[in-house]
Amino acid sequence: MGRTDIGPPDYRNFMPPVIQKNYGQWLYHEILKPGVLMHVAENGDKLYTVRVGSARLLCTDFIRELCDVAEKYCGGYLRFTSRSNIEFLVSDESKVGPLQQECVARKWPIGGTGRGITAIVHTQGWVHCHTPATDGSGPVKAVMDALFDHFGAMKLPAHLRISLACCLNMCGAVHCSDIAILGIHRLPPKVDNARVPKICEIPNTVAACPTGAIRGNLKDKTVEVNEERCMYCGNCYTICPAMPIADAEGDGISIWVGGKVSNARTAPMFSKLAIPYLPNNPPRWPETVAAVKKIVDVYAANAKQYERMGEWIQRIGWERFFSLTGIPFTDQHIDDFTMAQASMRATPQFKYS
Amino acid sequence: MAQSETPKLDELEKGPWPSFVTQMKRAAAKNPAAKDLLRQVEKSYNDKVGHWKHGGIVGVTGYGGGVIGRYSDSPEQFPSVREFHTIRVNHPSGWYYKTDALRKLCDVWDKHGSGLTNMHGSTGDIILLGAPTKEIQPCFDDLSAIGFDLGGSGACLRTPSCCLGKSRCEYSCIDSMDLCNDITHTYQDEIHRPMWPYKFKIKISGCANDCVASIARADLSIIGTWRDQIQVNPAKVREAAAGGLDIQAAVCDLCPTKCMSWDEKTRTLTIGDKECNRCMHCINLMPKALRPGKERGATLLIGGKAPIVKGAILCWVIVPFMKMEAPYPELKDLLKKIWEWWDENAKSRERIGELILRVGMRKFLKDLGLPPAPQMVKEPRSNPYYFWSAEEIEAIRAQKHS
């Protein structure tokens, strides 16, 4: 039997010699071109990083290909980034050019650095999740195909982070992205009164609902949903598999904008609702792709340099965001949950459009 | 030529961005589970719903987590994904790999599972996507033999993660990688054996750029910072200006506290460090000229999470500055107190952030012995509904009677 509690392998054994030698002694870095970083140590040693865009879902044979390339140019060292890109780490300057050529020949896109768009963080979706309202990898592929030029260029006013979550559980930082693509349900769950008594824990199911829309029916050992209070978050289904909520016509995608995680200039911000619903339209989700592209284009054309999406909107006002993008503003955009008052505009400071 | 079984997914092999469908097809060519996955996902693309059931309890001997059970809801159509569980493998700090270790990992996975992975999952683990129940223990045994262990799942400490910190980044104020590795090894029991009200996530960033989105996602966020002066290299400042950077407009005017001034004549940048919020903007724009201060440590923030149940929360400050030097005794002391208090007070599935908002910071600070500090709040309360303690009320009443 395998030994337990050994923990992860020691990262120190996995860092290339130039990093081992200069750990904690880095002086500065430059972005030489999109996707190529150069870090210089205090003693003058140089580390080149070639960042390659990638899907998050990888087969073992592809990982072996990455290993082939890392062995050829990097002494067998590579890493992955927090957004599932791949980084090849090179200390021999003469290998940087040929490594890039190798990546180009294999159609591995080089980029994802600086003030542009990098890989989209996303969740499992239909590939593995039991609570998805949309797919993960599919919309990501479709959106990245449409925004591909931004991956290999650094032409935006500031970093633009796009993330996708296949449902409100948001298994990633979708709630703080410049553009967030969020799967949603639009219909209440369907309670299976024959199955609930067999497999569901009723108090936990009642407690799972953020709006108190679920009531226990102790007589029949089932639950009842007050459909008017239900906002289709699906948490009850997570707790009680006998009340499924996924629906092909009801489910779809919402778009959120203006979040950020970094603390540079302004504090972290939540993403705010831009588009309440777009249909699931596999395989390419054209409505979602068009909406995201439009928002990127409007931001690129209007924001000042160094302004993140959220900072730009803060400056121009949300009314101006909606008029520039042409996105309709509806009653759904106005908060009615617990912190609603904090989002209201308590001043007549606004623009007329 | 045989017609494709997956015409919708085939469409996603076109286009310049690397295709996950190509990855699935490569695995499917030699693995029946990967093939059935492909066919089931195509069915989802037609039906516009997922086809996975809630997972049951699946695991390895000695652990209460690390494996996510998953079953197809259409096993008669897709028999090879009848059982398609996920194994979370704890990644090395900073996601650095040597190819021989990666190759061994691939060999183990091909032997036991679908051959499909996520590099990596959102929390940071390596995801081995899809193995039947009978392969879970043997897979774990083989992983252990090559030096890998499982990550966390369920109501436990989830796998900690960190930015690459001092391994490559000149901004990093703490050794995020060592800290992450240290707490991961220290808290193996808490990771592998769920015993808490719900999950707890720790994420570590070396500076306020927060490249692992710690403040947005972690229950306990550790952000590297300094408390003395930004280090300025005047020659490199002049070089940056000569190179075309408009220091007044791009740096000084965008400083959130307006603590910087640029003298165009003498080409001197002055930073009023006492007014500086250490936001990283100026350093980001002039990495050759500016560096974080020398007196380094971390700010600790608590409570971050995604929407379910009570709403999304961004972490808030609980310790403005703590030194972060191995073996991190102060941090571990605080973690122990936080976990005990949370375990003692929380409802089932209540995250630490939700608990504190429910019972109040007053109780949290008092029970943990943490001093209140203005750095914890954006602003003090604006409602007049504040409490006096039972002792204080007793003292007031005693005053009345004397």
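On the side of chain B that touches chain A, helix α4 (residues 99-112; a DSSP run of H or I, at least four residues) of chain B brings the largest share, eight residues.

This is a predicted model, with local features needing pLDDT of at least 70 and side-chain atom pairs counting only at pLDDT 80 or more, while totals for chains, interfaces and linings use all residues. Residues are numbered from 1 along each chain as its sequence is written, chains are lettered from A in the order in which they are written, and side-chain values use heavy atoms, leaving out hydrogens and water.

As for the contact itself (heavy atoms within 4.5 Å), 114 residues come from chain B and 113 residues from chain A. About 9,900 Å² is buried between the two chains, 61% of it from carbon and sulfur atoms; buried area is the accessible area (1.4 Å probe) that two parts lose on being put together, summed over both. B:W17, B:H54 and B:R168 supply 10% of what chain B buries against chain A, more than any other three residues.

Turning to the inside, B:I338 is in contact with B:F200, B:L220, B:I302, B:I318, B:I352, B:F364 and B:L368, leaving aside neighbours within four places in sequence.

Note on methods. Helix = DSSP H or I, 4+ residues; strand = E, 2+ residues; numbered from the N terminus.
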